[in-house]
Amino acid sequence: MAEEITVDQLVIERERGATVIDVREVDEYIDAHVPGVRLVPLGTIPDALDALPRDETLYVICRSGARSLRAADFLLANGFDAVSVAGGTMAWVQRGLDYETGDDR
């Protein structure tokens, strides 16, 4: 099972240049997302494996943490180092951290 980190830990990892993928659907991403994340909806993860970096840890975020945990487990099973963000984008926004809206994929 994938490791989970808090949004506070994600802040630190992002400052270090971490790659973050958001596995929600497009409409959820448009409503609010962590700046600089890459949108890869959960259902498209199997098709996106070749486009994801294998030489670094992938931090996976969703709305509340359930989909990101499933995605991180799938990525781990396919040879990636992946970590889920507990609480997801909801926790990020509730924590008062900067977020973006709109479709800037």
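**Exercise 1. Work out the order of the strands in the sheet and find the strands at its edges.**

*Solution.* Start with the whole sheet: 5 strands form an open sheet in the order β1-β5-β4-β2-β3, with parallel pairing. Here strands (E, at least two residues) and helices (H or I, at least four) are DSSP runs numbered from the N terminus, and two strands pair if DSSP finds at least two bridges between them. Next, look at the ends of that order. β1 and β3 (38–39) stand at the edges with a single partner strand each, so one side of each has no neighbour in the sheet. As background, strands of a sheet pair through backbone hydrogen bonds, either parallel or antiparallel.

Before going on, know what you're looking at: this is a predicted model, in which local features need pLDDT of at least 70 and side-chain atom pairs count only at pLDDT 80 or more, while totals for chains, interfaces and linings use all residues. Residues are numbered from 1 along each chain as its sequence is written, and side-chain values use heavy atoms, leaving out hydrogens and water.

**Exercise 2. Follow the pairings through the sheet, bridge by bridge.**

*Solution.* Step one: β1 and β5 pair in the parallel sense over 3 bridges. Glu 3 lies in strand β1, and its bridge partner in β5 is Val 83. Leaving aside neighbours within four places in sequence, Glu 3 is in contact with Val 83 and Ser 84; contact means heavy atoms within 4.5 Å.

Step two: β4 and β5 pair in the parallel sense over 4 bridges. Here Val 60 stands opposite Ser 84 in β5.

Step three: 2 bridges join β2 to β3, which run parallel. Ile 21 has Arg 38 as its bridge partner in β3.

Step four: check how covered β5 is. Of its 5 residues, 4 are buried, so β5 is largely enclosed by the rest of the structure. Buried means under 20% relative accessible area, exposed means over 50%, and partly exposed is in between (1.4 Å probe, protein chains only).

**Exercise 3. Find the side of helix α1 that faces inward, and name what covers it.**

*Solution.* First list the buried residues of α1 (residues 7–15): Val 7, Leu 10 and Glu 13. They cover an arc of only 105 degrees around the axis, which puts them on the same side of α1. That arc is taken from the directions from the helix axis to the C-beta atoms. Then look at the cover, which includes β1 (3–5), β2 (19–22), β4 (57–61), β5 (81–85) and α5 (88–94). Finally, step just past the helix: Gly 17 takes a positive phi of about 90 degrees.

**Exercise 4. Locate the nonpolar cores and the residues that tie them together.**

*Solution.* A nonpolar core is a set of buried Ala, Val, Leu, Ile, Met, Phe, Trp, Tyr and Cys residues joined through side-chain atoms within 4.5 Å. The largest has 18 residues, and Ile 21, Val 23, Ile 45, Leu 52, Val 60 and Leu 75 touch the most other members. The elements giving two or more residues to this core are α3 (45–48), β4 and α4 (66–77). Of these, α4 gives the most, with 4 residues.

Now zoom in on Val 23. Not counting residues up to four places away in sequence, its contacts include Val 40, Leu 42, Ile 45, Val 60 and Ala 71. There's also a second, separate core of 13 residues, including Leu 10, Val 34, Val 37 and Val 83.

**Exercise 5. Decide how Phe 74 is placed: buried, partly exposed or exposed.**

*Solution.* Phe 74 is found in helix α4. At 32% relative accessibility, Phe 74 counts as partly exposed. Not counting residues up to four places away in sequence, Phe 74 touches Ile 45, Pro 46 and Leu 49.

**Exercise 6. Describe the overall build of the protein.**

*Solution.* Count the elements: 5 helices and 5 strands. Along the sequence they follow the pattern β-α-β-α-β-α-β-α-β-α. For extent, the C-alpha trace spans about 35 × 25 × 25 Å along its principal axes. To finish, buried residues make up 42% of the 105 residues.
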